[in-house]
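Look at the chain below and follow it step by step.

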Amino acid sequence: MKEGVVARKFLRAFAEWDLDTYGSLLAPGAVEGRPQMGEKFVGRDNIMGMYRSRGGEPPRIEWRKVSGEDQMWVGQGVIEDAAGAHGPDHIVAIVKLDAGSIVAVDYYFSSALEPPDYHQRFATIVGH
């Protein structure tokens, strides 16, 4: 399977909270990072154990852009806690593949920010 197909399928599985597909695309030794939280999950079993132990409704995720080539892909989107505790927040996924499997993914999260006044005359506001 081409890397782009695998990367898109992986990100779609995350958005749909299809944990079986998500796990099937991870290499056994995959590493998933959450740099802003100082977390790294090493190995498919730890990654999937973390997801499967999550309580409550899954988050709502909308990927707005997926791009890349070869073994490096990036997803940009919005994520919202289903319970409404936070969000919508921005999410970026940096996905690395090898031999048709996900070997590494880092997720970055950010709350929406208002642009400073000095940006206004230069920027096109596209919204959050």
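**A walk through the predicted model**

Asp70 sits in the loop between E3 and E4. This is a predicted model. Asp70 counts as exposed, because its relative accessibility is 55% and the cut-off for exposed is over 50%. Its backbone deserves a look too. Asp70 has a positive phi of about 50 degrees, yet it is not a glycine. Most residues other than glycine have a negative phi.

Where else does a positive phi turn up? Trp17 has one, of about 55 degrees, and Trp17 is not a glycine either. Find Trp17 in the loop between helix H1 (3-15) and helix H2 (19-25).

Now turn to the charged side chains. Side chains of opposite charge can pair when their charged atoms come close. How many salt bridges does a search of the whole structure find? The search finds five.

Start with Glu32. It belongs to strand E1 (residues 26-34). Is Glu32 buried or exposed? Glu32 is buried, because its relative accessible area is 0% and buried means under 20%.

Glu32 has another polar partner. Its side chain joins that of Tyr51 through a polar contact of 2.4 Å. Now leave aside the neighbours of Glu32 within four places in sequence. Glu32 is then in contact with Tyr22, Glu39, Lys40, Phe41, Ile47, Met50, Tyr51, Val105 and Tyr107.

Pick Glu39 from that list. Glu39 is found in strand E2. At 33% relative accessibility, Glu39 counts as partly exposed, whereas Glu32 is buried. Beyond four places in sequence, Glu39 is in contact with Glu32, Gly33 and Arg34. Glu39 and Asp106 are 67 residues apart along the chain, and their C-alpha atoms are separated by 9.9 Å.

The next salt bridge joins Arg54 and Asp81, whose closest N and O atoms are 3.5 Å apart. Arg54 lies in the loop between H3 and strand E3 (60-69), and Asp81 in the loop between E4 and E5, so the pair ties together parts that are 27 residues apart in sequence. Are the two partners buried or exposed? Arg54 counts as partly exposed, at 31% relative accessibility. Asp81 counts as buried, at 12%.

A further salt bridge pairs Glu80 with Arg60. Here the closest N and O atoms are 4.0 Å apart. Glu80 is in strand E4 and Arg60 in strand E3, so this pair links distant parts of the chain, 20 residues apart. Both partners fall in the partly exposed class. Glu80 has 25% relative accessibility, and Arg60 has a relative accessible area of 44%.

Take Asp89, in strand E5 (residues 89-98). Asp89 is buried yet has no salt bridge. Which side chain of opposite charge is nearest to Asp89? That is Arg54, 10 Å away. Asp89 does have a polar contact: its side chain and that of Ser111 are joined at 3.4 Å. Not counting residues up to four places away in sequence, Asp89 touches Gly77, Val78, Ile79, Ser110 and Ser111.

The last stop is the largest pocket. About 340 Å³ of space lies in it. How many residues line the largest pocket? There are 18, of which Arg34, Met37, Ile79, His86 and Phe109 lie nearest its centre.

Several elements build the lining. Strand E2 (39-42), helix H3 (44-52), strand E4 (72-80) and strand E6 (101-111) each supply at least two residues. Which element gives the most to the lining of the largest pocket? E6 does, with three residues.

Terms used:
Residues numbered from 1 in each chain as written. Predicted model: local features only at pLDDT ≥ 70, side-chain atom pairs only at ≥ 80, totals over all residues. Heavy atoms only, no water. Helix = DSSP H or I, 4+ residues; strand = E, 2+ residues; numbered from the N terminus. Buried < 20%, exposed > 50% of the residue type's maximum accessible area, 1.4 Å probe, protein only. Polar contact = N/O pair within 3.5 Å; in protein donor to acceptor, adjacent residues only side chain to side chain. Contact = heavy atoms within 4.5 Å. Lys, Arg positive; Asp, Glu negative; His and termini not counted. 1 Å grid on protein atoms, 1.4 Å probe; cavity = no way out; pocket = protein on both sides within 12 Å on 5 of 7 lines; lining within 4 Å. Points joined across faces, edges and corners; volume = space filled by probe spheres on them.
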